[in-house]
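Biologist: Please take one part of this model and walk me through its packing. Give me the cut-offs as you go.

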Amino acid sequence: MEAFVPVLVVLAVFVVSALLDPRKLRTGVYLLTALVMLGLLAFSSALENVETVFPGTEAGAWVLLGVLVVVGVSVIALGLLLVLNGLAVVRREGRSPAHLLSLVLGGAILLYVAAAVVSLLADQAVVMVYLMLLALPIGWCGYGLIAYLLWSWLYGILTRRFGRPVDAVVVLGAGLRDGEVTPLLRSRIDRGIEWRDRPLQGSPRPVLVMSGGQGADEPLPEADAMAAYARSRGVDEGDMLLERASTTTRENLVCSARLLASRGEVHRVAVVTNSFHAFRAALLMRAIGLPGYAVGSTTARYYWPTAVLREYLAIMRDNLRLNIVGLVLSLAPLVTGVVVSLTH
């Protein structure tokens, strides 16, 4: 029972963090850490049981080998799926740095596995050591990515299930195509209208804010095109506010908050964007002090992995100092090893 005390402590920290304000990535880190600790305890217990049932055998070693094989096959499968997804995104959306993310990551995973296998078969102990040291910065980024995926998924479920009444629903803009809203942007507006029209007893209908300025390649502000589509869906002009100044997600939130504040006190806002973007929008809401939560709309499945990777990179950029420190510390053993080997 004592072995579970650290797990319970981490779980308690997770619960407190989630209750105080779920719009934090570290909440996901607490949850993932508790799950990893539980998994290690379960694995340790399973090994002990195997050794008890088969004393004096190498059953425990075979179990460990089996787990390593499953993990290795899973990593290879992940790399292949990311490569295939990247090719699909490039074929449908065009070749750009953002659209190459899943392709590049999948290729890097497969290259790392291939290097490990070749160095192991060739008995290159030094290369194996370097690859293990390289796993430290990979682990730093990967652990955060898994925590982000886990908590953003749960955050989306919790907001859809327990989202409280709001004073305003802010729909974040996206790029237009020939002055018209794209399918991606339509899904945001549709979810915004749906959220505005939720049957919450005793709560007044919130105002609908269309937020988006005019890009250099756009013939009109995104907010105007969004409002036109909303009117075609039966939304009255007087039920909408248009925010036409923003060009980034942060500006969407800041400018919308100012627009709402000019009309009176706002206690809570629901920000609507696509599912892959919702949690980062929630993080930015917290950063600027905007009360409420973010709600995600549906996203095409083929586009989701690339979009999620792009959002995670943006989150790492938003927390640049922390990630620089983490990467420098995790790279230090590898750099030290390379320097020592070159000087001898």
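**A loop residue, a core and a helix pair**

Modeller: Leaving out residues up to four places away in sequence, Thr182 touches Gly175, Leu176 and Arg177; contact means heavy atoms within 4.5 Å. The model is predicted, so local features need pLDDT of at least 70 and side-chain atom pairs pLDDT 80 or more, while totals for chains, interfaces and linings use all residues. Numbering starts from 1 along each chain as its sequence is written, and side-chain values use heavy atoms, without hydrogens or water.

Thr182 sits in the loop between strand 3 (180-181) and helix 6 (183-196). Helices (H or I, at least four residues) and strands (E, at least two) are DSSP runs, numbered from the N terminus. Thr182 is buried, at 11% relative accessible area; buried means under 20%, with a 1.4 Å probe and protein chains only.

Now the core. The largest nonpolar core has 63 residues. Such a core is a set of buried Ala, Val, Leu, Ile, Met, Phe, Trp, Tyr and Cys residues joined through side-chain atoms within 4.5 Å. Those with the most contacts inside this core include Tyr148, Val181 and Ile189. Helix 9 (residues 275-288) gives the most to this core, with eight residues.

Next, the helix pair. Helix 5 (residues 125-162) packs against helix 9 at about 90 degrees, with axes 10 Å apart. That makes the two roughly perpendicular, a label for angles of 65 to 115 degrees. Tyr148, Trp151, Ser152 and Tyr155 of helix 5 meet Phe276, Phe279 and Ala282 of helix 9.

Conventions
Buried means under 20% relative accessible area, exposed over 50%, partly exposed in between (1.4 Å probe, protein chains only). Axes are lines fitted to C-alpha atoms, for helices over the stretch in contact, and angles run from 0 to 180 degrees between N-to-C directions. Angles under 35 degrees count as roughly parallel, over 145 as roughly antiparallel, 65 to 115 as roughly perpendicular and the rest as oblique.
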